[in-house]
Amino acid sequence: MSHVRLVIHLQNRKEKAMKFAIDKIEGNIAVCQNIENTEIVEIDVCNLPKEIKEGSVVFFDGKDYFLDEEEENKIRKRIQDKMNKLWE
């Protein structure tokens with residue numbers, strides 16, 4: 001699969017996927033928050049991308065989990081903007 005087709009394919013999967021923020025990792029379990037409904041779920045880290053860390057955002061397309069660095073950056077920026085407003 002070419003790189004362009006892969007990016008488009010992943011983008012389509014992302015739009016339909018559930019997104020989770022990794023709150024904390026406890027042993028082999030990632031405690032995650034569903035971004036859309038704030039539900040807390042536990043996911044075995046062996047099912048997640050190896051690169052995850054606390055604060056990572058992943059999306060689940062019904063089969064696999066993928067890192068969503070774009071969404072993670074949006075969340076980090078939103079939090080930083082809120083912090084900056086507190087100190088104005």
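Leaving aside neighbours within four places in sequence, which residues is Tyr65 in contact with? They are Phe20, Ile43, Asn47, Leu48, Pro49, Val58, Phe59 and Phe60. This is a predicted model. The protein chain has 88 residues, and buried residues make up 27% of them. Its secondary structure comes to 2 helices and 5 strands.

**Overall layout**

- From the N terminus on, the elements run α-β-β-β-β-β-α.
- Take the contacts between residues at least 6 apart in sequence: 33% of these join residues at least 24 apart.

**The sheet**

- The 5 strands form an open sheet, and their order is E3-E2-E1-E4-E5. The pairing is antiparallel.
- Strand E3 (40-44) and strand E5 (65-67) are the edge strands. Each of them pairs on one side only.
- Neighbouring strands of this sheet are turned against each other by 40° on average, direction ignored.
- E4 and E5 run antiparallel, and 3 bridges join them.
- Phe59 has Phe66 in E5 as its bridge partner.
- As background, strands of a sheet pair through backbone hydrogen bonds, either parallel or antiparallel.

**The nonpolar core**

- The largest nonpolar core has 10 residues in all. They are Phe20, Ile22, Ala30, Cys32, Ile43, Leu48, Ile52, Val58, Phe60 and Tyr65.
- In soluble globular proteins, nonpolar side chains tend to be buried together.

**Aromatic rings**

- The structure holds 3 aromatic pairs.
- Phe59 and Phe66 form a stacked pair. The ring centres are 5.3 Å apart, with 25° between the planes.
- Why does this pair count as stacked? The angle is 25°, and planes under 30 degrees apart count as stacked, so the pair qualifies.
- Are Phe59 and Phe66 buried or partly exposed? Phe59 is buried, because its relative accessible area is 2%, and buried means under 20%. Phe66 counts as partly exposed, at 22% relative accessibility.
- Phe59 and Phe66 are thus linked in two ways: as bridge partners and as an aromatic pair.
- Phe20, Phe60 and Tyr65 form one aromatic cluster.

**Salt bridges**

- How many salt bridges does a search of the whole structure find? It finds 7.
- Side chains of opposite charge can pair when their charged atoms come close.
- Lys53 and Glu72 meet in a salt bridge through their side chains, at 3.4 Å from N to O. Lys53 lies in the loop between E3 and E4, and Glu72 lies in helix H2, so the pair ties together parts that are 19 residues apart in sequence.
- Lys53 is partly exposed, with a relative accessible area of 43%. Glu72 is buried, at 7%.
- Glu72 also forms a salt bridge with Arg76. Here the closest N and O atoms are 3.1 Å apart. Both residues lie in helix H2, 4 residues apart, which is about one turn of the helix. Arg76 counts as partly exposed, at 43% relative accessibility.
- Salt bridges that share partners join Lys19, Asp68 and Glu71 into one network.
- Glu70 forms a salt bridge with Lys74, and the closest N and O atoms are 3.8 Å apart. The two are 4 residues apart in helix H2, so about one helical turn separates them.
- Glu70 counts as partly exposed, at 47% relative accessibility. Lys74 is also partly exposed, at 47%.

**A look at Glu71**

- Where does Glu71 sit? Its place is in helix H2 (residues 69-86).
- Glu71 is buried, because its relative accessible area is 14%.
- Not counting residues up to four places away in sequence, Glu71 touches Lys19, Ile35 and Val57.

Methods
Residues are numbered from 1 along each chain as its sequence is written. This is a predicted model: local features need pLDDT of at least 70, side-chain atom pairs count only at pLDDT 80 or more; totals for chains, interfaces and linings use all residues. Side-chain values use heavy atoms; hydrogens and water are left out. Buried means under 20% relative accessible area, exposed over 50%, partly exposed in between (1.4 Å probe, protein chains only). Contact means heavy atoms within 4.5 Å. A nonpolar core is a set of buried Ala, Val, Leu, Ile, Met, Phe, Trp, Tyr and Cys residues joined through side-chain atoms within 4.5 Å. Rings of Phe, Tyr and Trp (its six-membered ring) pair if their centres lie within 6.5 Å; planes under 30 degrees apart count as stacked, over 60 as edge-to-face and the rest as tilted. Two strands pair if DSSP finds at least two bridges between them. Axes are lines fitted to C-alpha atoms, for helices over the stretch in contact, and angles run from 0 to 180 degrees between N-to-C directions. A salt bridge is a side-chain nitrogen of Lys or Arg within 4 Å of a carboxyl oxygen of Asp or Glu.
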